[in-house]
Amino acid sequence: MDDAKGRGSQAVHIAAEEVQRFCEFLYRRTGMSFTEGKRYFIDRRLEDRIEATGSPSFQAYFSLLRADADHEIEHLINSFTVNETYFYREDHQLRCMTASLLGAIVSRKKPGGTVRIWSVPCSTGEEPYSIALWLMENWPEVDNYSIEIVGSDIDTRALKAAAEGIYGDRALMRLSRGVIERYFTPVGDGNHQIDEGLRNSIEFTRANLIDPRDMAQYRDFDLIFCRNVLIYFDDASRRQAAENLYDCLLPGGYICLGHSESMSRISPLFRVARFADAIVYQRPEADHG
Amino acid sequence: MDDIEAPPGKRVLVVDDSSLVRLYYRSALENAGFAVEQAINGIEAMEKVLSEPFDLVLVDVNMPRMDGFTFLRSLRSRAGDVATIPVLMISTESGGQDVAEARAAGANFYLVKPVAEAELVRHVRVLAGVVP
C-alpha cells in the first residue's frame with residue numbers, strides 16, 4: 001500500500017513487520033530509535049542500501065546486514081546519520097563559550113594548562129573547526145593555554161571528510177569574508193579547503209555515544225558540544241549517552257546540547273548553568289555522596 | 001590597527017608546540033604581510049634556522065624536547081650570521097624569572113601570553129626591521 005513513492009522505480013517492497021525487525025536491529029546496534037512516523041526516512045535509506053548491495057530482497061539484505069558482510073553495518077549507519085551542517089551554527093553557544101564558559105574553566109587551571117574540548121558527533125567537521133576558528137578570532141587568551149579539540153562521530157565516512165576539510169559555499173555562509181580568506185583556500189567548483197594548520201590541530205576519532213567501552217577512551221574534557229543527536233535516541237539510550245558523557249567531563253566541566261534539547265529531562269546528574277548567551281549543563285564540581 | 005604591510009620576503013619562524021597557537025600567530029603575521037614557517041620545538045626550529053634564512057624567530061618558552069631557552073642559548077652560541085637572528089620570546093610566565101632568563105639567553109624582546117594580535121604584529125615589525 002505504500003508504493004506511491006516508488007513510482008516507476010525498482011524499489012524492493014518492504015513490509016511493515018520487516019521495518020520493525022530492522023528498527024529493532026538498528027536500535028540494538030546503535031541506540032538510534034525510529035518510530036513509525038519516520039517510516040519514509042527509514043524506507044528511503046533501506047532501499048538505497050538494498051540497491052547498493054545488490055540484494056534481491058529485504059530478507060537477503062537483512063541476512064547480509066546481520067552477518068556484517070563487507071562492513072555493511074557501518075555503511076548502514078553512515079546512511080542513517082544526517083551529515084549536513086554549517087560553520088558557526090548556533091553561534092550563541094560559541095559566544096557563551098568565550099564570554100562565560102572558558103573563563104570559569106581556566107580559573108581552575110595554570111597558565112599554559114590544557115583545555116580539552118570535544119565535539120561529538122562532529123559530522124563532517126564543521127563544528128570542531130568552528131570552535132577552533134571562533135577561539136582564534138574571539139578569545140584573547142587563545143595562546144595562553146594548550147587547547148585540544150577532538151571531533152568524534154560514529155560515521156567513518158563523515159570523519160574522513162572532516163579530516164579533508166573541504167566545504168561548499170553553503171557550509172561557509174555564516175563566516176565573514178575575512179575569516180574565509182584567512183583560513184580557507186579555494187580548491188575549485190566553489191569549494192574551499194580549511195587551513196592545514198587547523199586540520200592538524202583537531203583530532204578526529206570514531207565514537208559511539210551509547211557504548212560505555214567506546215566512551216571510556218574519552219576522559220578529562222572541560223567542554224563538550226553534543227548537539228542534535230540525543231533527539232535520535234530513545235529514553236534508555238539517551239540516558240546511557242548522558243551518563244557516558246558525564247564520565248567524559250572533568251568535574252565542573254560543561255556540556256552544550258542542541259537548542260531543542262534539555263538535559264534536565266534526560267538525567268539528574270547535571271546542573272543547569274544559565275548564562276547570558278545560552279543555557280548549558282554542568283557536571284558539578286564535587287560529586288554528591 | 002595601522003595597515004603598513006611588511007615588505008615581501010620578510011620571513012618569520014614561529015616555534016610553539018601547540019598547533020592552534022602556531023596557527024594563531026601565523027594567521028596574524030601572514031595577514032600583516034610576513035612569510036611564516038613553523039616548528040614544533042627547539043630541535044625542529046634549530047634545523048630550520050640552519051637551513052633557511054629568517055628575519056625573526058618567535059619562540060615559546062615551554063615546549064617538549066627542547067624548550068625556548070635551550071634553543072636560544074644554542075642559537076646564540078653558533079658561529080656566523082645565524083647567531084644574530086632577532087628572537088622574540090613568548091611565555092606564560094609573568095614573573096621576573098623568565099624575563100631575566102630570556103635576557104640572559106639573548107632574547108631581543110619578551111612578551112607574556114596572552115599576546116593580542118596587534119601587539120604581536122607591532123613587535124614583530126620592529127624586530128624584523130620593517131619599522132625602526
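Mentor: Take helix α11 of chain A. Its buried residues pack against α1 (16-30), β1 (114-119), α10 (212-215), β7 (221-226) and β8 (249-257) of chain A, where a contact means heavy atoms within 4.5 Å. Helices (H or I, at least four residues) and strands (E, at least two) are DSSP runs, numbered from the N terminus.

This is a predicted model, in which local features need pLDDT of at least 70 and side-chain atom pairs count only at pLDDT 80 or more, while totals for chains, interfaces and linings use all residues. Residues are numbered from 1 along each chain as its sequence is written, chains are lettered from A and ligands numbered from 1 in the order in which they are written, and side-chain values use heavy atoms, with hydrogens and water left out.

Helix α11 covers residues 235-248 of chain A, which makes 14 residues. At 1.5 Å a residue it should span 20 Å, and its end C-alpha atoms are 20 Å apart, so the two agree; the expected span is 1.5 Å times one less than the number of residues. The buried residues of the helix are A:S237, A:A241, A:A242, A:N244, A:L245, A:Y246 and A:C248. Buried means under 20% relative accessible area, exposed over 50%, and partly exposed in between (1.4 Å probe, protein chains only). An α-helix has 3.6 residues a turn, so residues three or four places apart point the same way.

The loop between α10 and β7 of chain A holds A:D220. A:D220 has a positive phi of about 60° although it is not a glycine, and with a relative accessible area of 46% it counts as partly exposed. The loop between β1 and α6 (126-138) of chain A holds A:P121, which is joined to A:V120 by a cis peptide bond with omega of about -5°. Most residues other than glycine have a negative phi, and most peptide bonds are trans.

Chain A has another non-glycine residue with a positive phi, A:D68, at about 55°. A:D68 sits in the loop between α3 (58-66) and α4 (72-80) of chain A, and is partly exposed at 30% relative accessibility.

Chain B also has a cis peptide bond, from B:K113 to B:P114, with omega near -5°. B:P114 is in the loop between β5 (109-112) and α5 (117-127) of chain B. In the loop between β4 (87-91) and α4 (96-105) of chain B is B:G95, partly exposed with a relative accessible area of 27%. The C-alpha atoms of B:G95 and B:N108 are separated by 18 Å, and the two residues are 13 apart along the chain.

As a whole, chain B has 5 helices and 5 strands, in the sequence pattern β-α-β-α-β-α-β-α-β-α. Of its 132 residues, 53% are buried. Its C-alpha atoms fill a box of roughly 35 × 35 × 30 Å along the principal axes. Among contacts in chain B between residues at least 6 apart in sequence, 64% join residues at least 24 apart.
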